[in-house]
Amino acid sequence: MESKAQQSTSRFDVLKWLVVFVLIAVGVVGNQYFSAESVLYRALGLVALALVAAFVALQTDRGRRFATLLKEARVEIRKVVWPTRPELIQTTAIVVVFVLVVALILWGMDSFIGFLVQGFIG
């Protein structure tokens with residue numbers, strides 16, 4: 001019984017995704033067709049179509065799972081301990097200095113090897 005319910009849901013999901021893709025195609029073609037109109041009106045039309053497409057996509061099983069993933073990610077991001085401004089500046093300075101030191105070392109090695117190769121080639 002549950003298999004039959006899953007199958008009918010997936011059938012409707014395919015139809016809903018088809019509607020989403022048609023809405024996106026209408027937005028792309030409509031934007032090109034109305035290229036003489038104001039950019040503001042075209043942008044508002046695209047935003048409206050995108051909202052409708054997102055609403056339809058969220059009605060599918062995959063869309064609901066994606067929305068759940070976004071909610072869980074937001075909860076996890078709130079748990080992150082972000083560095084303070086002084087920590088951020090100090091860490092950034094360390095990285096920049098390290099990159100410069102490595103760049104100078106690589107430049108020196110490249111120049112030395114180039115000097116050796118030039119001495120052999122003449």
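A: Helices here are DSSP runs of H or I with at least four residues, and strands are runs of E with at least two, numbered from the N terminus. On that basis the predicted model has 4 helices and 0 strands. Along the sequence the order reads α-α-α-α.

The residue to look at is Thr60. Thr60 sits in the loop between α2 (39-58) and α3 (61-79). Is Thr60 buried or exposed? Its relative accessible area is 1%. Buried means under 20%, so Thr60 counts as buried. Across the protein, 8% of the 122 residues are in that class.

Now the contacts. The Thr60 side chain reaches back to Ala57, where the backbone oxygen lies at 2.7 Å. A polar atom of the Thr60 side chain also lies 3.0 Å from the backbone nitrogen of Gly63. A polar contact needs an N or O pair within 3.5 Å. Thr60 therefore has polar contacts with the backbone of Ala57 and with the backbone of Gly63.

Next, the aromatic rings. The count of aromatic pairs is 2. One of them joins Trp17 and Phe21, with centres 6.4 Å apart and planes at 35°, a tilted arrangement. Both residues belong to helix α1 (residues 2-33). They are 4 residues apart, about one turn of the helix. Trp17 is partly exposed at 28% relative accessible area. Phe21 is exposed, at 54%. Tyr33 and Phe34 also pair, with ring centres 4.9 Å apart. Their planes meet at 85°, so this pair is edge-to-face. Tyr33 is exposed at 65% relative accessibility, while Phe34 is partly exposed at 44%.

Finally, the whole chain. A compact globule of 122 residues would have a radius of gyration near 14 Å. The protein has 28 Å. Its C-alpha atoms fill a box of roughly 75 × 45 × 35 Å along the principal axes. The accessible surface is about 10800 Å², and carbon and sulfur atoms account for 73% of that area. As for charge, there are 12 positive and 8 negative side chains. The centres of these two sets lie 9 Å apart.

Definitions and conventions: Residues are numbered from 1 along each chain as its sequence is written. This is a predicted model: local features need pLDDT of at least 70, side-chain atom pairs count only at pLDDT 80 or more; totals for chains, interfaces and linings use all residues. Side-chain values use heavy atoms; hydrogens and water are left out. The radius of gyration is taken over C-alpha atoms; the globule rule is 2.2 Å times the number of residues to the power 0.38. Buried means under 20% relative accessible area, exposed over 50%, partly exposed in between (1.4 Å probe, protein chains only). Accessible areas come from the Shrake-Rupley method with a 1.4 Å probe; for residues, only the protein chains shown count as cover. Lys and Arg count as positive and Asp and Glu as negative; His and the chain ends are not counted. The place of a charge is taken as NZ of Lys, CZ of Arg, CG of Asp or CD of Glu. Rings of Phe, Tyr and Trp (its six-membered ring) pair if their centres lie within 6.5 Å; planes under 30 degrees apart count as stacked, over 60 as edge-to-face and the rest as tilted. A polar contact is a pair of N or O atoms within 3.5 Å; within protein, one must be able to donate a hydrogen and the other to accept it, and residues adjacent in sequence count only if both atoms are side-chain atoms.
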